[in-house]
Amino acid sequence: MPHTSRRLRAALVATASATLVAAALPAPEPLGIGDRLFPQLGNPGYDVLSYDISLTYHGRNTEPLDAVTGIDARTTAPLERINLDFAQGTVRSVEVDGRPSEFATKGEDLVIRPPDRLPAGAPVHITVRHTSDPSGDPARGGWVPTADGLAMANQADAAHRVFPGNDHPADKAYFTFRVTAPKDLTVVAGGLPTGRQWHGATTTWTYRTAHPMATELAQVSIGRSAVLHRTGPRGLPVRDVVPSADRDTLEPWLDKTPAQLAWLEEQVGPYPFETYGLLVADTETGFELETQTLSLFERSLFTEPGYPAWYIESIMVHELAHQWFGNSVSPRVWSDLWLNEGHATWYEARYAEDHADKPLEQRMREAYTRSDAWRAAGGPPAHPDVPSPDHKINLFRPVVYDGSALVLYALRQEIGAAAFDRLERTWVRAHRDRSATTADFTRLASRIAGKDLTAFFDGWLHGKKTPPMPGHPDWTSAKPRAAGGAQGPAAAPKPE
């Protein structure tokens, strides 16, 4: 063997050792946390504590944004590889704790090999430099092009089309957004503003959440927008983001939010976040969306002459109710979706009854008539059928909207209005800023009712057929035929 220096020999040994380690490790593969509806969503082995997401928008909503995503996490198991969900962009480099790290993409996962094996319980900081590409199919979620920029619609599994992360509501985290855009555009994101910097032709806007958030609830709006301010109950800052040309047209609708907040606080307790408002976007999504502190609405909901006022207001309340049910208290798995949509639909219907003389009992009786058909078409409320891979939004079916509000109506009939109201208030208080399960809800309901509700919930949440309605033995469910079609992430009865 030729003579080599001590330094060179050490380098050769290190290279050989690294080769052996690489050979011993399995090939990169997508992972998941075993969610029945989205089996490869989320990743095991760590808990994300916070995201710091920097985006640079170059002025065209079909052009990739330059991005840097910083993730602070804590390992929950020893890790030789870290999987992040990421599916729509180019990864340029990855660092783990400030050290360059190897990476590969597989399926919809970014698989990172840290320089050293990470022990359980260790803090870890991951930096991913990447692009965030809005040019994909908007129907798949992620970035949504608007007439003058971009917004986000990440539900249910599309946040990783915008930024890498642990894209499952079981792992909530704090968010910071730093967005640089041309100076003639306005940027607003979830949370509250913490600063703005000017750099010649561009401006960098920074927003930070005061409460943890699921990735699917992130929101960033970039466009020619007006930001309108008002005050809600107990001094809550209410902030709306609308196309500048529409501010006068939309003002009568936006002015209703403080009273809607006050009404919902009367039902379930204090609003759980630091701010609220509407993001009205000039785009067509087919749905509205409860992005945390800044709900996304299509402009056409407020400008189409065919929608009656009561219907528009009830949809506003639906998204507002989600701030308690789905956002503050998030689903542990996606089969718990009924807790989100059932509650939002329940308060939407209650509001329509209180403010527009639309009887709740009549709506629930109509839902009962259709309930067996909805269950046949989409599964029972707490065990919905797996959505088709090419149209995942069809998870949002009538059975998780009115079909799940019907469960809540039956529960109130079973345990009485006073116990039901106590359950609702206790639920959002006990699980604030956390993820919770159907089992958590049913246990709490049994405790507050003072009786075992296992059999009741088993039939109403998991049965193929709708159980008899307490207090209404004459209600019947029609024989299933062709069931109702899919609905987007906000549903309500057709306007009359």
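This is a friendly conversation about how some features of this structure get their labels.

Biologist: Before we look at any residue, what kind of model is this?

Modeller: It is a predicted model, and everything we discuss is computed from it.

Biologist: Let's begin with Asp246. Why is Asp246 called buried?

Modeller: Its relative accessibility is 9%, and buried means under 20%, so Asp246 counts as buried. You will find Asp246 in the loop between β17 and α2 (247–254).

Biologist: What makes the pairing of Asp246 with Arg299 a polar contact?

Modeller: The two side chains come to 2.7 Å, and a polar contact needs N or O atoms within 3.5 Å. The value passes that cut-off, so the name polar contact applies to Asp246 and Arg299.

Biologist: Now for salt bridges. How many are there, and how do you know that Arg140 and Glu108 form a salt bridge?

Modeller: The count is 20 salt bridges. For Arg140 and Glu108, the N to O distance is 3.6 Å, and the rule asks for a side-chain nitrogen of Lys or Arg within 4 Å of a carboxyl oxygen of Asp or Glu.

Biologist: Why are Arg140 and Glu108 called partly exposed?

Modeller: Arg140 has a relative accessible area of 47%, and Glu108 has 30%. Buried is under 20% and exposed is over 50%, with partly exposed in between. Both values fall in that middle range, so both residues are partly exposed.

Biologist: What makes Asp402 and Arg363 a salt bridge?

Modeller: Their closest N and O atoms are 2.9 Å apart, and the limit is within 4 Å, so the pair qualifies. Asp402 is in helix α8 (residues 402–415) and Arg363 is in helix α7 (residues 360–378), 39 residues apart.

Biologist: Are Asp402 and Arg363 buried or exposed?

Modeller: Asp402 has 13% relative accessibility and Arg363 has 11%. With buried meaning under 20%, both count as buried.

Biologist: Let's turn to rings. How many aromatic pairs are counted, and why is the pair Tyr51 and Phe175 called stacked?

Modeller: The count is 24 aromatic pairs. The ring centres of Tyr51 and Phe175 are 4.6 Å apart, and their planes are at 25 degrees. Rings pair if their centres lie within 6.5 Å, and planes under 30 degrees apart count as stacked, so this pair is stacked. Tyr51 belongs to strand β1 (residues 46–56) and Phe175 to strand β11 (residues 174–182), 124 residues apart. Both Tyr51 and Phe175 are buried.

Biologist: Which residues form an aromatic cluster?

Modeller: One cluster includes Trp338, Trp346, Tyr368 and Trp475.

Biologist: Last, what lines the largest cavity?

Modeller: Its lining has 14 residues, with Asp148, Ser221, Ser225, Val280 and Ala281 nearest the centre. By class there are 9 nonpolar, 3 polar and 2 charged residues. The volume of the largest cavity is about 80 Å³.

Biologist: What space lies in the second largest pocket?

Modeller: About 730 Å³. Of its 37 lining residues, Phe38, Arg140, Asp157, Pro389 and Lys392 lie nearest its centre.

Terms used: Residues numbered from 1 in each chain as written. Predicted model: local features only at pLDDT ≥ 70, side-chain atom pairs only at ≥ 80, totals over all residues. Heavy atoms only, no water. 1 Å grid on protein atoms, 1.4 Å probe; cavity = no way out; pocket = protein on both sides within 12 Å on 5 of 7 lines; lining within 4 Å. Points joined across faces, edges and corners; volume = space filled by probe spheres on them. Nonpolar A, V, L, I, M, F, W, Y, C, P; charged D, E, K, R; others polar. Helix = DSSP H or I, 4+ residues; strand = E, 2+ residues; numbered from the N terminus. Buried < 20%, exposed > 50% of the residue type's maximum accessible area, 1.4 Å probe, protein only. Polar contact = N/O pair within 3.5 Å; in protein donor to acceptor, adjacent residues only side chain to side chain. Phe/Tyr/Trp six-rings, centres within 6.5 Å; stacked < 30°, edge-to-face > 60°.
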